[in-house]
Structures are given as C-alpha cells and as structure tokens.
Amino acid sequence: MKKSIVSIILAGTLCIAFAGAKTLATVDGVAITEKDFDVIKQRVPNFNFDTLKDDQKKALLDQAINNILIEKEAKKEKIDQIPDFKAAMEAFKKQLLVEMWAKKQAEAVGKTKIPEADLKKYYDDNKQQFVQQEAQARHILVKTEDEAKKIISELNKTPKAKVEAKFIELANKDSIDPNTKNTQNGGDLGTFQKNQMVPEFSKAAFELKPGTYTKTPVKTEFGYHIIYLIKKNDPKTYTFDEAKKTIEAMLKEKKFQADMKKKIEELKKKAKITINK
C-alpha cells in the first residue's frame, strides 16, 4: 500500500527552515516554510508542495504547526534533558552516521561508468528478465491441500460455460485471502506481471489458457491456491536500448553491494573484535 503524503510527514520530523524560502505560517515567531517539507522528498522524490491539493496542503501545515507546539511544550517540560531522550539521540546519531556513510559510498558508485559491453553482455545472458507479459487472474486461497482439492473437484463438475461464475462463488465463500473476504470480489487479482507474484504462483498462472483453472493445488508460502486465468497478453521482449538504463542501475546496485561487503571485511580485519559467548 502506498503511504499518503500526510502519513509520511507524521512519521518524520520537520527540517530546519531555510532563509529565503516562502513562509507559509508562523507559530510564536517560528517560521514554517516550504523548505520544512523537504524531508518528504527523501521518500517521495517528485514531491512538490505547490502542486498539492488544498486539503493536502492544509493537512501538512496543520501537522507542522502541531509539531512546533509539541516541541515547544516538550522543551518546557525538559523532555530533552531526561536520560531516555539523550540515549535515543545518541542511538539516532550513530545510525545516521552509518546511513550517511553508506549514502556516500552509493553516490561514488553512482558516478562510475559501466562499459557498454558489460551492459550488453548482461542483457544477452539474462534476456528472460526483460520479457514483459501481463495477465489477469482470480484465485482462491485455502490453508490445506485437501481443501484446495475439494474446491477443484467442485469446479470439475461445473459446466464450462459456468466455471467462472462458480469460481467467483467459491472464492467469496471459501477463500482466506483478506482482500477477497473483505471485498467479495471473486478472488480477482487485477492485472499483474510475472515478477509481481511469488514464482510458484506466476508459473502456474502464466501456463494457463484464458478461461481455464489449475487442476492441481498451487502451494506457496501463503497456503494453497486455485487459479483461474481471465486473460493474458502476448509476451513482449524489451530491446537492449529500452532495457539499458535498468541494467545499468542493476549493475551499479550489485557493485555497491560488493564494494560495501569488501570495505566492511577490510574494516573487520583491522579491528579488534571480541564476541562473548
């Protein structure tokens, strides 16, 4: 589920106001500016206060005002002087140092140039990753294999023209999928791509023909599924040029992870580490 703009600001703290930024409000002389919401950009890169709806702007501004009032009251009650606060601040500073160091390493990797030949080799060796195919399916999720087999048996007895209607009925009645139980949507999963589902589910779903269902239970970490395929489109393979930016980002991420592991191992070798048993 995507978080709303307001929930993001509730989870964080406001940045210090910057001189020259547009002042939106003042609270006991403390200015609230658009720059105060820059913290949101760390999680929502395209965030722009000016493009928000009026009710979203009001919600953010109300929360900013509340934060200033609560901060002022907390200082008045000397919350910032109690041991728990100081300990939490020290822990936060340590974690922030770790994150900032990792960010610095990531930025260095981001500036590196991956040779075109390496990008092309990855594409040629992993073409299956760049095949896009979408499907729409329904599913019934149950706890046991016996329950799944019983449902399949009922579907097998149903005339072909009425199978989807029967599937919807059974999904609404028997599925333990929370979305199906709450919405009574007949187990409809909407449109999805292969990589959006767990491998066992995707394999079974994309092997079906539209209008058919799995004749054996499909086991995943969630339980046992019966899948009914509504439709699927023909697979499309992205060209190298279309996939190049994605490949570059993937290889840079791999390099970042490898570099981090190597640097941490080097630091461990230089350090005196004692693990008490």
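Predicted model: local features only at pLDDT ≥ 70, side-chain atom pairs only at ≥ 80, totals over all residues.
**Entry 1: α3**

I began with helix α3, residues 83–110. I counted 28 residues in α3. From first C-alpha to last, α3 reaches 40 Å, close to the 40 Å expected at 1.5 Å a residue. Next I looked up burial. A102, Q105 and V109 are buried in α3. What do the buried residues of α3 pack against? They pack against α9.

**Entry 2: α3 with α9**

I then turned to the pair itself. Two packed helices are described by the angle between their axes and the distance between the axes. Helix α9 covers residues 240–270. The axes of α3 and α9 cross at roughly 130 degrees and come within 10 Å. That angle makes α3 oblique to α9. The crossing is right-handed.

I listed the contact residues on each side. From α3 come W101, A102, Q105, A106, V109 and G110. From α9 come K252, K255, F256, D259, M260 and K263. By class, I noted six nonpolar, two polar and four charged residues in this contact. The buried A102, Q105 and V109 are among the α3 residues that meet α9.

**Entry 3: α5 with α6**

Helix α5 spans residues 145–156, and helix α6 spans residues 163–174. Their axes lie 10 Å apart, at an angle of about 155 degrees. Angles over 145 degrees count as roughly antiparallel, so α5 is roughly antiparallel to α6. I recorded this crossing as right-handed.

Which residues of α5 meet α6? They are I151, E154 and L155. Their partners in α6 are V163, K166, F167, L170 and D174. I sorted the residues of this contact into five nonpolar, no polar and three charged.

**Entry 4: α2 and the residue after it**

Helix α2 runs over residues 54–76 and has 23 residues. I checked its span from first C-alpha to last. α2 reaches 33 Å, close to the 33 Å expected at 1.5 Å a residue. Buried residues in α2 are L60, Q63, A64 and I68. Just after α2, I found K78 with a positive phi of about 60 degrees.

**Entry 5: positive phi in loops**

K78 made me look up phi elsewhere. Most residues other than glycine have a negative phi.

I went to D28 next. D28 sits in the loop between β1 (23–27) and β2 (30–33). Its phi is near 50 degrees, a positive value in a residue other than glycine. Is D28 buried or exposed? D28 counts as exposed, because its relative accessibility is 58% and the cut-off for exposed is over 50%.

Then I took Q184. The loop between α7 (178–183) and β5 (188–193) holds Q184. Phi of Q184 is near 50 degrees, again a positive value in a residue other than glycine. Q184 has 43% relative accessibility, so I put it down as partly exposed.

**Entry 6: K127**

Where does K127 lie? K127 is in the loop between α4 (116–125) and β3 (131–132). With a relative accessible area of 42%, K127 is partly exposed. I also checked K127 against E99, 28 residues apart along the chain. Their C-alpha atoms are separated by 34 Å.

Technical notes: Residues numbered from 1 in each chain as written. Heavy atoms only, no water. Axes fitted to C-alpha atoms, helices over the stretch in contact; angles between N-to-C directions. Helix = DSSP H or I, 4+ residues; strand = E, 2+ residues; numbered from the N terminus. Parallel < 35°, antiparallel > 145°, perpendicular 65-115°, else oblique. Left-handed = near helix turned anticlockwise from the far one by under 90°. Contact = heavy atoms within 4.5 Å. Nonpolar A, V, L, I, M, F, W, Y, C, P; charged D, E, K, R; others polar. Expected span 1.5 Å × (residues − 1). Buried < 20%, exposed > 50% of the residue type's maximum accessible area, 1.4 Å probe, protein only.
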